[in-house]
Amino acid sequence: MASEDDKVKKALIVDARARNISHNVRCTECGSQSIEDSQADIAILLRKLIRDEIRSGKTDKEIYKKLEDEFGETVLYSPKFDMQTAALWLSPLLVAGAAAGVWAYKKHKQKTNVHIMALNLVRGVPLTPKEKETMLDILTPPPSQGVRTPFWWRR
């Protein structure tokens, strides 16, 4: 009885490992389904191959490696991170960083200070040089004391 229980337990383990691997392998014929969900002939053969490999004592990594060697990296749902796929993996971060940088730059450039708006108004009005100098002196804000603006923020 113990021998029979061991066989059943071993078969359940093989089946669970095979299903786990099959869920992570793309069907080469369907493309959009895992070989666990697909009923294509190649998917059935691959499921059988995986079970045979498990029974022969191979690890999951060895099985994934064999499938990748035979069918290419696209057969796996989670491609590995290397220099060829680094741009693909990092592109969302690069785009988000660039968008944040553009937003911060525009936010900095968008001066809604009343003094700046008044200066822009005065610059368009024909004034005598003395009037213009007086207005610029009155409207120009004093330089900030103690706080040094980074060079990339200065105009």
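The structure is a predicted model, and the protein it shows has 155 residues, of which 19% count as buried. There are 6 helices and 0 strands, so that the pattern read along the sequence is α-α-α-α-α-α. Among the contacts with a separation of 6 or more, 45% are accounted for by residues 24 or more positions apart.

**Helix H2**

- After H2 comes Gly 57, which has a positive phi, near 100 degrees.

**Ile 54 within H2**

- Ile 54 lies in helix H2 and has a relative accessible area of 6%, which is under the 20% cut-off and therefore makes Ile 54 buried.
- Not counting residues up to four places away in sequence, Ile 54 touches Val 14, Arg 17, Ala 18, Ile 21 and Ile 63.
- Ile 54 and Asp 15 are separated by 39 residues in sequence, while their C-alpha atoms are 9.2 Å apart in space.

**Helix H3**

- Helix H3 has 12 residues, and the distance from its first C-alpha to its last is 16 Å, close to the 16 Å expected at 1.5 Å a residue.
- Ile 63, Tyr 64, Leu 67 and Glu 68 are the buried residues of H3; seen down the axis of H3, they fall within an arc of 135 degrees, so they line one face of the helix.
- The face of H3 turned away from the buried side carries Lys 61 and Asp 69, both of which are exposed.
- Gly 72 follows H3 and has a positive phi, near 95 degrees.

- Leaving aside neighbours within four places in sequence, Glu 68 is in contact with Glu 73, Val 75, Leu 76 and Lys 80.

**Salt bridges**

- A search of the whole structure finds 10 salt bridges, including one between Asp 60 and Arg 17, whose closest N and O atoms are 2.8 Å apart. Because Asp 60 lies in helix H3 and Arg 17 in helix H1 (residues 2–23), this pair ties together parts that are 43 residues apart in sequence.
- Asp 60 counts as partly exposed at 24% relative accessibility, and Arg 17 also counts as partly exposed, at 25%.
- Lys 48 and Asp 52 form a salt bridge in which the closest N and O atoms are 3.1 Å apart; both residues lie in helix H2, 4 residues apart, which is about one turn of the helix. Asp 52 is partly exposed, with a relative accessible area of 33%.
- Another salt bridge joins the side chains of Lys 66 and Glu 53, at 2.9 Å from N to O; this pair links distant parts of the chain, with Lys 66 in helix H3 and Glu 53 in helix H2, 13 residues apart.
- Lys 66 is partly exposed, with a relative accessible area of 26%, whereas Glu 53 is buried, with a relative accessible area of 10%.

**Surface**

- The protein exposes about 11,900 Å², of which carbon and sulfur atoms supply 62%.
- A nonpolar patch on the surface is formed by Phe 81, Leu 88, Trp 89, Leu 90, Leu 93 and Leu 94, which together have about 690 Å² of accessible area.
- Trp 89, one of the residues of this patch, is in helix H4 (residues 86–109), and Trp 89 is partly exposed, with a relative accessible area of 43%.

Terms used
Residues are numbered from 1 along each chain as its sequence is written. This is a predicted model: local features need pLDDT of at least 70, side-chain atom pairs count only at pLDDT 80 or more; totals for chains, interfaces and linings use all residues. Side-chain values use heavy atoms; hydrogens and water are left out. Helices (H or I, at least four residues) and strands (E, at least two) are DSSP runs, numbered from the N terminus. Buried means under 20% relative accessible area, exposed over 50%, partly exposed in between (1.4 Å probe, protein chains only). Contact means heavy atoms within 4.5 Å. Accessible areas come from the Shrake-Rupley method with a 1.4 Å probe; for residues, only the protein chains shown count as cover. Patches are made of residues with over 30% relative accessible area and no salt bridge: like charges are joined within 9 Å, nonpolar side chains (Val, Leu, Ile, Met, Phe, Trp, Tyr) within 5 Å. A salt bridge is a side-chain nitrogen of Lys or Arg within 4 Å of a carboxyl oxygen of Asp or Glu. The expected span of a helix is 1.5 Å times one less than its number of residues. The arc is that of the directions from the helix axis to the C-beta atoms.
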